[in-house]
Amino acid sequence: MKIHLKRIDDSMGMEAEDESGHKVRMDSSAEHGGHGKGMRPMQMLLMGLGGCTSIDVVSILKKQKQPLDDLKITIDGDREPGVEPSLWKKVRIQFKLEGAIDPGKAERAVELSMMKYCSVAETLRRAGADITWEVQVVHPSLPIKP
């Protein structure tokens, strides 16, 4: 895997590109010398966590033949205060799955992802992050019978 970065402005703005041509823009906040015109690298790490676990969860639920209609993930993190580098110390993830899904299977899919398959989660754990999660399953409304 190769990633290429190039500076795109007179400040901290960077554009990253993978081997397939997918691009992401990164920048720093104004208080750190940037223009705030892109994602911060530490935000991208949490996004990577969300992407990694979502791929796992969707794959596991498909194998379990669970009808997933929608998946939303919210990630909230706290970094170490007052130190450089400032690592993620606490990361909380909320999974909202929609569909006629067995809640036990949804919980198991998330647990397998977070504890066994998601490389980003393991990378953050090895760096000292405490990762917790909760799973909510929303069943579709049943049609009203006449």
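Trainee: What makes a residue count among the buried 27% of the 146 residues in the chain?

Mentor: Buried means under 20% relative accessible area, with exposed over 50% and partly exposed in between (1.4 Å probe, protein chains only); 27% of the 146 residues in the chain are buried. The model is predicted: local features need pLDDT of at least 70, side-chain atom pairs count only at pLDDT 80 or more, and totals for chains, interfaces and linings use all residues. Residues are numbered from 1 along each chain as its sequence is written, and side-chain values use heavy atoms, leaving out hydrogens and water.

Trainee: How many helices and strands are in the chain?

Mentor: The chain has 3 helices and 6 strands, these being DSSP runs numbered from the N terminus (helices H or I, at least four residues; strands E, at least two).

Trainee: How do you know that the span of helix 1 agrees with expectation?

Mentor: The expected span is 1.5 Å times one less than the number of residues. The 23 residues of helix 1 (residues 41–63) should therefore span 33 Å, and the end C-alpha atoms are 33 Å apart, which agrees.

Trainee: What covers the buried residues of helix 1?

Mentor: The cover includes strand 4 (68–79), strand 5 (88–99), helix 2 (103–117) and helix 3 (119–126). Among the buried residues of helix 1 are Leu 46, Cys 52 and Ile 60.

Notes
Contact means heavy atoms within 4.5 Å.
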